[in-house]
Structure formats: C-alpha cells, structure tokens
Amino acid sequence: MVAQVQTYVPGYRLKQEVQFEHIGSNQPLRIPEMNGEFTGLKVSVFLEVEGAAHYLPAYAGNLDIMTSAALRTAERMAARMHEGSAA
C-alpha cells in the first residue's frame, strides 16, 4: 500500500513497521468519544509525509497528501464516468 500511495504522494513513507496489538476482554479499550468498551485488533501506523514544497513549505506534507488524495480520487471517478458513458 505504501508503494501505491507513493505513486501520487512521493514524500509518503512509513516511519516504522506497522504495529498490531490484541486488545482482550480482560483489558478493553475505552475511547472517550465513543460509548462502550472495545476489544479486538488495534493497528497503529506511523508515517511521514514530506511535501513537494511547490506552494507550501515541505513540512506541510499533510496538506500535500490531502490534495494529492483528492486529485487521485477525482481522476478515478472521472475514469469510471468515462467508462460508463462509453458503454
């Protein structure tokens, strides 16, 4: 998935390996914004996005990834619409 995202967000990279943690019923996870207790698999992903610095500083990578993701989504939607109109 990292390689796929890097095709449209070059400064995207993992900072460390993805972490998996099993949350058991003996010590459930409580999230203040959500009601209840949660068990299951917790996945933590630590990444870094360095921006291209075309219009914003390189440290503003979070804005670059949002813009890049929006552009990629729009391109995919346009391709699907084009496929549908060609049929």
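Me: Is Lys 42 buried, partly exposed or exposed?

Reply: Please keep in mind that this is a predicted model. A residue counts as buried under 20% relative accessible area and as exposed over 50%, with partly exposed in between. The relative accessible area of Lys 42 is 35%, so Lys 42 is partly exposed.

Me: Where does Lys 42 lie, and which residues does Lys 42 touch, not counting residues up to four places away in sequence?

Reply: Lys 42 belongs to strand 5, which covers residues 40-44. Once residues up to four places away in sequence are set aside, Lys 42 touches Gln 19, Phe 20, Glu 21 and Ile 23. Consider Phe 20 in particular: 22 residues separate Phe 20 from Lys 42 in sequence, and their C-alpha atoms are 5.8 Å apart in space.

Me: Is Ser 44 buried or exposed?

Reply: The same cut-off applies: under 20% means buried. Ser 44 has 18% relative accessibility and therefore counts as buried. Ser 44 is also placed in strand 5. Leaving aside neighbours within four places in sequence, Ser 44 is in contact with Val 18 and Gln 19.

Me: Where is Val 18 found, and is Val 18 buried or partly exposed?

Reply: Val 18 is found in the loop between strand 1 (12-14) and strand 2 (19-23). With 32% relative accessibility, Val 18 counts as partly exposed.

Me: Which residues make the nonpolar surface patch?

Reply: Val 18 is one of them.

Me: How many salt bridges does the structure hold?

Reply: The structure holds five salt bridges. One of them joins Glu 48 and Lys 15, whose closest N and O atoms are 3.7 Å apart. Glu 48 lies in strand 6 (residues 47-49) and Lys 15 in the loop between strand 1 and strand 2, so this pair ties together parts that are 33 residues apart in sequence. Glu 48 is partly exposed at 29% relative accessibility, whereas Lys 15 is exposed at 53%.

Me: Which residues are linked with Lys 15 and Glu 48 in a network of salt bridges?

Reply: Arg 13 and Glu 50 are linked with Lys 15 and Glu 48 in that network.

Me: What is the N to O distance in the salt bridge between Glu 21 and Lys 42?

Reply: The side chains of Glu 21 and Lys 42 meet at 3.9 Å, N to O. This pair links distant parts of the chain, with Glu 21 in strand 2 and Lys 42 in strand 5, 21 residues apart. Glu 21 is partly exposed, with 41% relative accessibility.

Me: What is the N to O distance between Glu 37 and Arg 30?

Reply: In this salt bridge the distance is 2.6 Å. Glu 37 counts as partly exposed at 47% relative accessibility, and Arg 30 counts as exposed at 56%.

Key. Residues numbered from 1 in each chain as written. Predicted model: local features only at pLDDT ≥ 70, side-chain atom pairs only at ≥ 80, totals over all residues. Heavy atoms only, no water. Helix = DSSP H or I, 4+ residues; strand = E, 2+ residues; numbered from the N terminus. Contact = heavy atoms within 4.5 Å. Buried < 20%, exposed > 50% of the residue type's maximum accessible area, 1.4 Å probe, protein only. Patch = residues over 30% accessible without salt bridge, like charges linked within 9 Å, V, L, I, M, F, W, Y side chains within 5 Å. Areas by Shrake-Rupley, 256 points an atom, 1.4 Å probe, with all protein chains shown as cover. Salt bridge = Lys/Arg side-chain N within 4 Å of Asp/Glu carboxyl O.
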